[in-house]
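Thanks for coming. I will take one model today and walk through its backbone and its packing.

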Amino acid sequence: MTSLTQRSSGLVQRRTEASRNAAADKERGSEDEDYEPRQEEEDEKGDSKETRLTLMEEVLLLGLKDREVICKSDAPTGDVLLDEALKHIKETQPPETVQSWIELLSGETWNPLKLHYQLRNVRERLAKNLVEKGVLTTEKQNFLLFDMTTHPLTNDTIKQRLVKKVQESVLDKWVNDPGRFDKRVLALIFLAHSSDVLENAFAPLLDEQYDLAMKRVRLLLDLEPEAESTKASSNELLWAVVAAFTK
């Protein structure tokens, strides 16, 4: 009964979202005839430099066999969190495995001598990055005895573009071959699923679209990382991370 209730609630939510989107499209009418081609052209070109998001920022916005990780280049990437992680990896000898680094950087280690590897305040730092890029804003909310800093969404266009990208990857642009999948989008799907935010991107879909999207996501989740990592043009590190998350 509980699962049936939850399923019904999900259907209502998706129908409500779909109806709301349809009504909004109808209201805009002919005003969008000139806008949509330009928007599609902008989407093809990608986000501007100021609003280009990292994978971790995108995951936040959507509310194998062990291998040693060796830092091939210590050149700064421009992303503070990634540079901090790379610094730890470069300076650690002997090298740790992918599974170990995920545990160390997230703070999920029982070794008190390695707690310094943990990346601190990750969510807040990602949120501040999104504030600087104009995606979120910062507000103070009072909760009885204390104030809390929140980061409401201020640029819905960027979020909707992200949602559309995720939806299209398993619907209109589905390729049914992980080797031909855009590596960044593939990583985003796995990370968003592991963070329990992937389904948020599918909430606006109609029931048939939702079921198809989830079916195809399940096909990706059921892949064998060890086998995929040995295929031509595959990203070995990506599949090593996937294996660590799905163990």
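**Backbone and packing in a predicted model**

I start with Asn121, which counts as exposed because its relative accessibility is 58%. Exposed here means over 50% relative accessible area, buried means under 20%, and partly exposed lies in between, with a 1.4 Å probe and protein chains only. Asn121 sits in the loop between α5 and α6, and its phi is near 50°, a positive value in a residue other than glycine.

Before going on, the ground rules. This is a predicted model, where local features need pLDDT of at least 70 and side-chain atom pairs count only at pLDDT 80 or more, while totals for chains, interfaces and linings use all residues. Residues are numbered from 1 along each chain as its sequence is written, and side-chain values use heavy atoms, with hydrogens and water left out.

Asn176 is another such case: its phi is near 55°, positive in a residue other than glycine. Asn176 lies in the loop between α7 and α8 and counts as exposed, at 57% relative accessibility. Most residues other than glycine have a negative phi, and most peptide bonds are trans. Pro94 is in the loop between α4 and α5.

Now the overall layout. The protein chain has eleven helices and two strands; these are DSSP runs, helices being H or I of at least four residues and strands E of at least two, numbered from the N terminus.

How do α7 and α8 cross? The axes of α7 (residues 156–170) and α8 (residues 183–194) come within 11 Å and cross at roughly 100°. Axes are lines fitted to C-alpha atoms, for helices over the stretch in contact, and angles run from 0 to 180 degrees between N-to-C directions. That makes α7 roughly perpendicular to α8, the term covering 65 to 115 degrees. Leu162, Lys165, Val166, Ser169 and Val170 in α7 meet Val185, Leu188 and Ile189 in α8.

Val170 also takes us to the core. Setting aside neighbours within four places in sequence, Val170 is in contact (heavy atoms within 4.5 Å) with Ile189, Phe202, Ala213, Arg216 and Val217. The largest nonpolar core has 46 residues, and Leu62, Val166, Val170 and Phe202 have the most contacts inside it. Such a core is a set of buried Ala, Val, Leu, Ile, Met, Phe, Trp, Tyr and Cys residues joined through side-chain atoms within 4.5 Å. α8 gives the most to this core, with seven residues.

How values were computed:
Parallel < 35°, antiparallel > 145°, perpendicular 65-115°, else oblique.
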